[in-house]
Amino acid sequence: MIGVYDYTVILTYISLFISVIGMTQAMNGRFRTAVTCLALSGLCDMFDGKIARSKKNRTDDEKLYGVQIDSLCDVVCFGIFPALICFLIGVRGPVGNLVIGYYCICSVIRLAFFNVLETRRQQVEEGANKYYHGLPITSMAIVLPLIFMLQVFISDCVFVIVLYFALAIVGTLFIVDFKLKKPDNKTLVFLVLLVAVAVIIVVVFSKYKVPKPHFFEKPLWKFFKS
């Protein structure tokens, strides 16, 4: 069998599996479950690198495979999956398609850049990189649950508008080259707790009325005009 199946990549596979399940839930209108899956997928991705680096006798091919498989899974988990959720919720029409396409392209550009950068870095040094170049794509697993938490307190109209801006802004931050220090363990714990609270609020308090297709099929400018 081709591929790697040891403990260094299992969490990455689990993250992808959870996201695929979340996509099926979103397509069936179960958005609370989908958001929960996105958060769980982000949690897996948060620690898969630490687990992989714990194995001291990895070959160069295993290291390169880890870089590639992580990015390929991230394309689905934090690129396509969030875009699908936003589309199903109401980011549609010409403007919506443009925003979703832009976000997905930025996701792919960021991950391709990461692959090149990380492959070159591993040839000259060991350990983890201490800085991100641009916003990491996993950030959408934090941003989207927090935005979905707002849906409990704001109208559906405002909620959809926020989704438009979130996709455009986060996508842009993926490809803007600025240095962002990687979070330490305390920060990671805080982020996990923050997302957990957001997910709990969404699951417990959100009614999550599935938008009527004919309502959100209209372009955004017609949505405001009506």
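Colleague: Which helix holds Ile-175, and why does this residue count as partly exposed?
Modeller: Ile-175 lies in helix 6, residues 156-175 (helices are DSSP runs of H or I, at least four residues, numbered from the N terminus). Its relative accessibility is 38%, and partly exposed covers what lies between buried, under 20% relative accessible area, and exposed, over 50% (1.4 Å probe, protein chains only). So Ile-175 counts as partly exposed. Bear in mind that this is a predicted model, where local features need pLDDT of at least 70, side-chain atom pairs count only at pLDDT 80 or more, and totals for chains, interfaces and linings use all residues. Residues are numbered from 1 along each chain as its sequence is written, and side-chain values use heavy atoms, with hydrogens and water left out.

Colleague: And what makes Ile-21 partly exposed?
Modeller: Ile-21, in helix 1 (residues 7-27), has 35% relative accessibility, so it counts as partly exposed too.

Colleague: Which residues of helix 6 are buried, and what puts them on the same side?
Modeller: They are Phe-159, Val-160, Leu-163, Tyr-164, Ala-166, Leu-167, Val-170, Gly-171 and Phe-174. These residues cover an arc of only 165° around the axis, which puts them on the same side of helix 6 (the arc is taken from the directions from the helix axis to the C-beta atoms).

Colleague: Why is the pair of Tyr-103 and Phe-174 called tilted?
Modeller: The ring centres are 5.6 Å apart, with 50° between the planes. Rings of Phe, Tyr and Trp (its six-membered ring) pair if their centres lie within 6.5 Å; planes under 30 degrees apart count as stacked, over 60 as edge-to-face and the rest as tilted. Tyr-103 lies in helix 4 and Phe-174 in helix 6, so the pair ties together parts that are 71 residues apart in sequence. Tyr-103 is buried at 0% relative accessible area, and Phe-174 is buried at 2%.

Colleague: What makes the pair of Phe-148 and Phe-159 edge-to-face?
Modeller: Here the planes stand at 90° and the centres are 5.2 Å apart, which gives an edge-to-face pair. Phe-148 belongs to helix 5 (residues 140-150) and Phe-159 to helix 6, 11 residues apart. Phe-148 and Phe-159 are both buried.

Note on methods: Helices (H or I, at least four residues) and strands (E, at least two) are DSSP runs, numbered from the N terminus.
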